[in-house]
Amino acid sequence: MYSKDYSYTVQPQSLECTGSLDSRELRFSRAMVFAIEEINNSTVLLPGVTLGYRIHDSCASVPMAVKVAFQLANGLDPVFKTNENCSRTSTVTAIVGESGSTPSMSMSRITGLFKIPQVSHFATCACLSDKKQYPAFFRTIPSDQFQAAALARLVKFYGWTWIGAIRSDSDYGNNGMGAFLQAAKEEGICVEYSVAYYRTQPISKLRQVANVIRSSTARVVVAFLASGDMRILLEELEREWPPPLQWIGSESWVTDPDMLRFSVCAGAVGFAIPHSVIPGLRDFLLDLSPASVAAVPLLTEFWETAFNCHLREGVSGVGEKECDGSEDIAKLQSPYTDTSQLRVTNMVYKAVYAIAHTIHRLVCEDRANGTARCDKHSSVQPEQVLESLKSINFSQNGYPVVFDVNGDPMAVYELVNWQRGDKGHIEFVTVGHYDASLPAGQEFSMTKDILWADGGTEVPVSVCSERCPPGTRKAVQKGKPVCCYDCLPCAEGEISNQTDSSTCWSCASEFWPGPGRDVCLPKPVEFLSFHEVLGVILATCSVGGACLAIVMATVFYRNRATPIVRANNSELSFLLLFSLTLCFLCSLTFIGRPSEWSCMLRHTAFGITFVLCISCVLGKTIVVLMAFRATLPGSDVMKWFGPPQQRLTVVSFTFIQALICTLWLALKPPFPIKNQTTFKEKIILECALGSAVGFWAVLGYIGLLALLCFVLAILARKLPDNFNEAKFITFSMLIFCAVWITFIPAYVSSPGKFTVAVEIFAILASSFGLILCIFAPKCFIIIFQPEKNTKKHLMGKVSSKAL
């Protein structure tokens, strides 16, 4: 933080840092010193050449960073410095830093004008990759562009589609969060809220952000915050903790040891720079004594704060006791002494070595024996270092150092999880890795289970709407993000076989959705089968009718010499029984799976056999009328309608029907079809008529003969009962006509296989009507009343009727 007093009446005060020392940043600066001393003592890298350094405190603020940039470019006296042995100009050759993105941007805009290369260890804003604005900027830490994409894929990987987003209101937070939100949008992730905060903003802004978090429904929060901003935010949330949240953090705070005191963040997950080992660094950090510390103001402030004692006289704000040398820094629990997670520290180490290797290439000549000869009096200009730094490529302690055209390193991260250890303390645990150089879909590799905010391994859920199961589709709720939707069942005939499907699609024509509408199943094929109850009943009636006709024919044949058989034209009677047998049996062709032959056979057989049957009935009716008139004196009408004429009449009427059927079959015969229009959910196998004219011509011809027979039977109904069968023929024709008149609307309106059943019923009903009305009374007399089967009885009845 810095103070300012712009009254415009006096000269402004010099900018000064206020607040406590960041011991983590102190470790970074000490790591730089360690690396420089290691290089100065090296016999391989820059042998005989001594590197000097200056350490400035930018106070993590833009004004101070600008001031430092001018000091470094112009050679002004530094605020803090060590190593006074440099004999060259005070203008620096290269800069290591700054930690923050916004201060780095301000510094690079100035130092870039002087072509002074700047290598940052912790400035991750993707905007710094723009070489037009920052031509002299390099960094050893990956750009936030990679981290943002990795965070979005992490959120997508665990199925979180409803999240909250918090960022620092700075270049680091705004640019990083902007890249994340774009990547999240591409991954189909919705953001309930996106709020920003910076530590210098009013407390009311901080509380507003905290209240947004408390009142939200998203259970996962992505925090793209600088470590200082995150610390202040969590301190505010401590006043009233929201429901358990799953924190997803950026590398700025997710590996900051000072943040571990916020136990509410247990289970936090985030990407971090891979941890490393720097041999000798811990010993160097701990190699401090009160005497050596007192010579460096930064170390003095750190020492006094850490041990609550004072080294300087008259300094307020520190402990009352004097530091007496009994302080043991090795036992100090501080981010400065914590070297178990050297992540960003290694980036400082690599930045120093990158500059050193660059200078080595400029002033040294490597020999074949592995040694080097360096000209320590050579003048090295910043622009030379800048150009050489672009092509640097080496490894230090197994860590590669190379920059791409934007000055960025290869993006490799560790996935870090905050887990409680055996003693109950929260620790950083590496649970996976992310390598942006690998092919898409292979960047992640998990090595351990993540312990989430609730302490378990079950992945928490953060969605606006529950996932839509197969068989439903998503319908976005009006006025809400696409992640907020209702699950609507698929429409009839449509399915969805995926979870969270946006659409349903229709099944193929011969398929239909299953009960759950999540799979297309073959439509059941339906036809009147011999294996179903209706088919069995109709087939039984058909066979039974045929057997009845055969039995009656047998009875008539065995009693063919009796008066009752001879009086009823035995020849036409046998032909009628034969045709009725065929009528009963032809109904069987309507049962079973339709085929090309069965479709042609069923209609033609039905038409021809029925015409044969009606022709026989018509013949019998004419015979009755002619026989009665032949009994009148002087009548010779029977010679014009004897047996030959009767046969010719039957053959002629039947031939006409046969001709109609032949034309029908020749021009447009019936054929089997799959009817998928009557019922959407099943296929009806049926016979198409082929030609509706042919079908109705067959029925119309049968109806015409039946009507003619009915009229003649009515004319003969008052003849003597025992002499003729006109009354029975009349009843049979009444039944026949009633059945077929009723058949037409029933046939047209019956769906599917019931159309066939109606047709079979009409055939059987009319056939039974004929056989029972015409033959049943005669068979009853033959079998049960043989005394009436005599010529005397028949003639006696006729005489009585005549009188």
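Guide: The disulfide of cysteine 364 and cysteine 374 is right-handed, because the torsion about its S-S bond is about 110 degrees. Cysteine 364 belongs to strand 11 (residues 364-366) and cysteine 374 to strand 12 (residues 372-374), so the link ties together parts that are ten residues apart in sequence. The sulfur atoms of cysteine 364 and cysteine 374 are 1.8 Å apart, where a disulfide is a pair of cysteine sulfur atoms within 2.5 Å. Strands (E, at least two residues) and helices (H or I, at least four residues) are DSSP runs, numbered from the N terminus.

The model is predicted: local features need pLDDT of at least 70 and side-chain atom pairs count only at pLDDT 80 or more, whereas totals for chains, interfaces and linings use all residues. Residues are numbered from 1 along each chain as its sequence is written, and side-chain values use heavy atoms, with hydrogens and water left out.

The classes are buried under 20% relative accessible area, exposed over 50% and partly exposed in between, with a 1.4 Å probe and protein chains only.

Which residues is leucine 46 in contact with, leaving aside its neighbours within four places in sequence? Cys364 and Cys374 are among them, together with Ile39, Leu51, Ala356, Ile359, His360 and Val363, contact meaning heavy atoms within 4.5 Å. Leu46, with Phe180 and Ile329, has the most contacts inside the largest nonpolar core, a set of 92 residues. Helix 12 (residues 344-363) supplies the largest share of this core, twelve residues. A nonpolar core here is a set of buried Ala, Val, Leu, Ile, Met, Phe, Trp, Tyr and Cys residues joined through side-chain atoms within 4.5 Å. In soluble globular proteins, nonpolar side chains tend to be buried together.

The disulfide rule gives a count of nine. Cysteine 309 and cysteine 323 form one, with sulfur atoms 1.9 Å apart, and its 90 degrees about the S-S bond make it right-handed. Cysteine 309 and cysteine 323 are each in the loop between helix 11 (297-307) and helix 12, 14 residues apart, and both are buried.

A further disulfide joins cysteine 464 to cysteine 484, at 1.9 Å from S to S. This link is right-handed, because the torsion about its S-S bond is about 105 degrees. Cysteine 464 lies in the loop between strand 17 (444-446) and strand 18 (472-476), and cysteine 484 in the loop between strand 18 and strand 19 (485-489), 20 residues apart. Is each end buried or partly exposed? Cysteine 464 is partly exposed because its relative accessibility is 28%, whereas cysteine 484 is buried because its value is 2%.

Strand 13 (residues 393-396) and strand 14 (residues 399-402) pair in the antiparallel sense over four bridges; strands pair if DSSP finds at least two bridges between them. Asparagine 393 has valine 402 of strand 14 as its bridge partner. The two strands form a hairpin with two residues between them, and asparagine 397 in the turn has a positive phi of about 55 degrees.

Aromatic rings form another set of contacts. Rings of Phe, Tyr and Trp (its six-membered ring) pair if their centres lie within 6.5 Å, with planes under 30 degrees apart counted as stacked, over 60 as edge-to-face and the rest as tilted. By this rule there are 27 aromatic pairs. One of them, phenylalanine 34 with phenylalanine 284, is tilted, at 5.4 Å centre to centre and 50 degrees between the planes. This pair links distant parts of the chain, 250 residues apart: phenylalanine 34 is in helix 1 (residues 23-40) and phenylalanine 284 in helix 9 (residues 281-286). Phenylalanine 34 is buried because its relative accessible area is 10%, and phenylalanine 284 because its value is 15%.
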